Amino acid sequence: MPIALALSPHLDDAAFSCGGTLAMLAEAGWRVVMATLFTGSVPEPQGFALACQLDKGLPAEVDYMALRRDEDRAAAAALGIAAPTHLPFREAPHRGYGSAPELFEATRDDDAIVPDLARALADLAAAVRPDLLLSPQAIGGHVDHVQMVRALDALGSRLPVLWWHDFPYTVRKAVPKEPLRARFADLGEREIRLTPEAEARKAAACAAYGTQIGFQFGGREGLSRRLSEEGGVERFRVSGTLPAGVPGHDGD
């Protein structure tokens with residue numbers, strides 16, 4: 001059985017950006033594992049980190065990341081894939097990034113997380129033994145996405161990768177930042193047209209992230225509208241030779 005490993009910075013990125021492809025791979029007989037790096041709970045969050053929780057209507061005493069990990073499990077079930085893997089790294093607001101704009105600027109000089117991420121990714125790949133990786137391009141410029149790409153590059157892995165377009169940054173009115181644009185500029189592109197079943201599974205998986213839907217999209221209707229703007233297609237850059245059985249632009 002071939003194995004696909006989707007490497008998600010946050011608890012929603014993979015489902016939002018390539019959930020339909022993950023569902024189609026699972027339907028085709030692949031074992032699909034969705035692993036998220038930045039999922040660690042932080043007792044008694046402070047400052048901007050706490051504000052990121054309070055602005056979603058969650059009081060300080062709620063374990064925000066535990067709630068989000070539960071949402072991720074529900075999303076994986078909706079996609080029809082394996083139970084997700086959660087790595088314990090802390091999100092950027094817990095690593096010294098003190099405001100929303102800072103999350104999308106250059107990474108901090110003291111944010112030395114890449115070596116630790118790289119070691120964790122190496123251990124994960126050794127345990128899962130994937131035939132295919134899926135990973136973000138860091139479109140939008142979120143520092144956690146950027147650091148994850150850097151960590152994956154640091155491994156020097158020769159595995160084929162489908163580098164996804166980071167949704168919802170790709171459908172926002174403002175032109176998204178692409179700090180790693182040059183990194184991906186010479187790679188080929190691939191479109192995967194989703195089957196109706198995969199679209200439905202992706203929509204259900206995205207809706208499972210209840211703590212994020214209002215903040216990101218203004219509610220379920222906004223989520224549905226943004227997903228429809230993708231036209232039932234997920235887009236990638238490609239490195240390496242993709243294994244047989246990866247869907248193509250025509251949905252085969």
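**Salt bridges**

I began with E234 and K202, whose side chains meet in a salt bridge at 2.8 Å, N to O. This is a predicted model, so I keep in mind that side-chain atom pairs count only at pLDDT 80 or more. The pair links distant parts of the chain, with E234 in strand β7 and K202 in helix α7 (residues 196-207), 32 residues apart. Are these two partners buried or exposed? I found E234 buried, and K202 buried as well.

While there, I also noted a network: salt bridges with shared partners join D12, R68 and E91. For the whole structure, my count of salt bridges came to 15.

Next I turned to D144 and R95, which form a salt bridge with an N to O distance of 2.9 Å. D144 belongs to helix α5 (residues 143-155), while R95 sits in the loop between β3 (85-86) and α4 (114-128). The two are 49 residues apart, and the pair links distant parts of the chain. Both D144 and R95 are buried.

Then I looked up E191 and R235, a salt bridge whose closest N and O atoms are 3.5 Å apart. E191 lies in strand β6 (residues 188-193) and R235 in strand β7 (residues 233-239), 44 residues apart, so this pair too links distant parts of the chain. How accessible is E191? Its relative accessibility is 33%, so E191 counts as partly exposed. R235 has a relative accessible area of 31% and is therefore partly exposed.

**Helix α3 and its neighbours**

I took α3 with α7 to start. Their axes come within 8 Å and cross at roughly 170°. Because angles over 145 degrees count as roughly antiparallel, α3 is roughly antiparallel to α7. On the α3 side I listed A75, A77, A78 and L79 in the contact; on the α7 side, R201, K202, A204 and A205. I was pleased to meet K202 again here, as a residue of this contact and as the salt-bridge partner of E234. What kinds of residue make up the contact of α3 with α7? I sorted them into six nonpolar, no polar and two charged.

The contact is made by Y64, L67, R68 and E71 of α3 together with G210, T211 and Q212 of α8. The residues of the contact of α3 with α8 divide into two nonpolar, three polar and two charged.

**Cysteines**

Last, I checked the sulfurs. How many disulfides does a search of the whole structure find? It finds zero. C206 is in no disulfide, and the nearest cysteine sulfur, that of C18, is 10.0 Å away. A disulfide needs the two sulfur atoms within 2.5 Å, so that distance rules the pair out. C206 has a relative accessible area of 0%, which means that C206 is buried. I looked at C52 too: with a relative accessible area of 17%, C52 is buried, because the cut-off for buried is under 20%.

Note on methods. Residues numbered from 1 in each chain as written. Predicted model: local features only at pLDDT ≥ 70, side-chain atom pairs only at ≥ 80, totals over all residues. Heavy atoms only, no water. Buried < 20%, exposed > 50% of the residue type's maximum accessible area, 1.4 Å probe, protein only. Contact = heavy atoms within 4.5 Å. Helix = DSSP H or I, 4+ residues; strand = E, 2+ residues; numbered from the N terminus. Nonpolar A, V, L, I, M, F, W, Y, C, P; charged D, E, K, R; others polar. Salt bridge = Lys/Arg side-chain N within 4 Å of Asp/Glu carboxyl O. Axes fitted to C-alpha atoms, helices over the stretch in contact; angles between N-to-C directions. Parallel < 35°, antiparallel > 145°, perpendicular 65-115°, else oblique.
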